[in-house]
Amino acid sequence: MSINWTRRIAALLSEDSDIPTDVTFKFVKLKGVQGEVSHVSIDGDSDGSTQPNDDGEVSAQPNDSGEEVSAHKMILALVSPVFRKMLYVHNTVNMFAQVIILEDTTAPVFRIFMDAIYGVTPIQESLKGKTVDEIFAVLYLVHKYDIPELVMAVQERVEIKLQLGLKPLHKFKS
């Protein structure tokens with residue numbers, strides 16, 4: 001009999017767990033910014049604009065009503081070589097970070113991604129009923145963080161979505 005470690009870890013680290021998360025992801029959307037952004041600070045301006053201040057820093061509004069997603073660095077490092085490098089390689093900014101700001105995704109899309117990593121909900125199930133844009137946003141994340149099993153699962157869902165979206169060809173009278 002084999003032990004299903006994924007289910008045990010997911011149960012151990014569920015939202016009801018007393019094991020604290022050690023990283024929180026926040027989401028910002030930078031509009032109209034071109035070139036590199038070296039520092040992002042979240043400020044409370046209500047217009048949502050992103051303008052460099054006198055120090056050249058860009059301000060941004062929190063995306064998705066300031067929703068946050070918390071996780072365990074060790075779990076992320078176990079499933080993704082990108083997270084491993086990002087969170088555990090010597091002298092990286094994110095190594096000691098308790099909050100990581102993501103500019104290239106939204107909280108709902110990242111939640112689907114995290115639920116798949118933690119085994120809460122299979123990714124194909126989470127993607128049912130989602131738009132093509134949302135599915136491709138999840139595909140972007142699984143590629144970015146280099147998780148081949150999830151890439152394959154999302155690609156299968158994309159194929160299903162595309163097949164369902166195709167309408168039968170009508171014969172035209174000449």
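Helices (H or I, at least four residues) and strands (E, at least two) are taken here as DSSP runs and numbered from the N terminus. The model is predicted, so that local features need pLDDT of at least 70 and side-chain atom pairs count only at pLDDT 80 or more, whereas totals for chains, interfaces and linings use all residues. Residues are numbered from 1 along each chain as its sequence is written, and side-chain values use heavy atoms, with hydrogens and water left out.

The chain contains 7 helices and 5 strands, which follow one another along the sequence in the pattern α-β-β-β-β-α-α-β-α-α-α-α. Of the 174 residues in the chain, 33% are buried, where buried means under 20% relative accessible area, exposed over 50%, and partly exposed in between (1.4 Å probe, protein chains only).

In helix 3, which comprises residues 81–88, the residues Phe83, Met86 and Leu87 are buried. Viewed down the axis of helix 3, these buried residues fall within an arc of 85°, and they therefore line one face of the helix; the arc is that of the directions from the helix axis to the C-beta atoms. A nonpolar patch on the surface is formed by Met74, Leu78, Val79 and Tyr88, which together have about 380 Å² of accessible area. Helix 2 (residues 73–79) supplies the largest share of this patch, with 3 residues. Met74 lies in helix 2 and counts as partly exposed because its relative accessibility is 48%. Patches are made of residues with over 30% relative accessible area and no salt bridge, like charges being joined within 9 Å and nonpolar side chains (Val, Leu, Ile, Met, Phe, Trp, Tyr) within 5 Å. Accessible areas come from the Shrake-Rupley method with a 1.4 Å probe, and for residues only the protein chains shown count as cover.

The structure holds 2 salt bridges, a salt bridge being a side-chain nitrogen of Lys or Arg within 4 Å of a carboxyl oxygen of Asp or Glu. In one of them, the side chains of Glu68 and Lys26 meet at 3.3 Å, N to O. Because Glu68 lies in strand 4 (residues 68–71) and Lys26 in strand 1 (residues 23–29), the pair ties together parts that are 42 residues apart in sequence. Glu68 is partly exposed, at 39% relative accessibility, and Lys26 is likewise partly exposed, at 26%. Asp104 forms a salt bridge with Lys144, in which the closest N and O atoms are 2.6 Å apart. This pair links distant parts of the chain, with Asp104 in the loop between strand 5 (99–102) and helix 4 and Lys144 in helix 6 (residues 132–144), 40 residues apart. Asp104 has a relative accessible area of 33% and is therefore partly exposed, as is Lys144, at 31% relative accessibility.

Strand 1 also contains Thr24, which is buried, with a relative accessible area of 14%. The side chains of Thr24 and Ser70 are joined by a polar contact of 3.3 Å. A polar contact is a pair of N or O atoms within 3.5 Å; within protein, one must be able to donate a hydrogen and the other to accept it, and residues adjacent in sequence count only if both atoms are side-chain atoms.

Helix 4 (residues 107–118) has 12 residues and reaches 16 Å from its first C-alpha to its last, close to the 16 Å expected at 1.5 Å a residue; the expected span of a helix is 1.5 Å times one less than its number of residues. Helix 4 is mostly covered, with 10 of its 12 residues buried, among them Val109, Phe110, Ile112, Phe113 and Asp115. Gly119, whose phi is positive, near 75°, follows helix 4.

In the loop between helix 6 and helix 7 (148–165), Asp146 has a positive phi of about 55° although it is not a glycine. Asp146 is partly exposed, with a relative accessible area of 39%. The 18 residues of helix 7 should span 26 Å at 1.5 Å a residue, and its end C-alpha atoms are 25 Å apart, which agrees. Leu150, Val151, Ala153, Val154, Arg157 and Val158 are the buried residues of helix 7; seen down the helix axis, they fall within an arc of 165° and so line one face of the helix. The face of helix 7 turned away from this buried side carries the exposed residues Glu149, Met152, Glu159 and Gln163.
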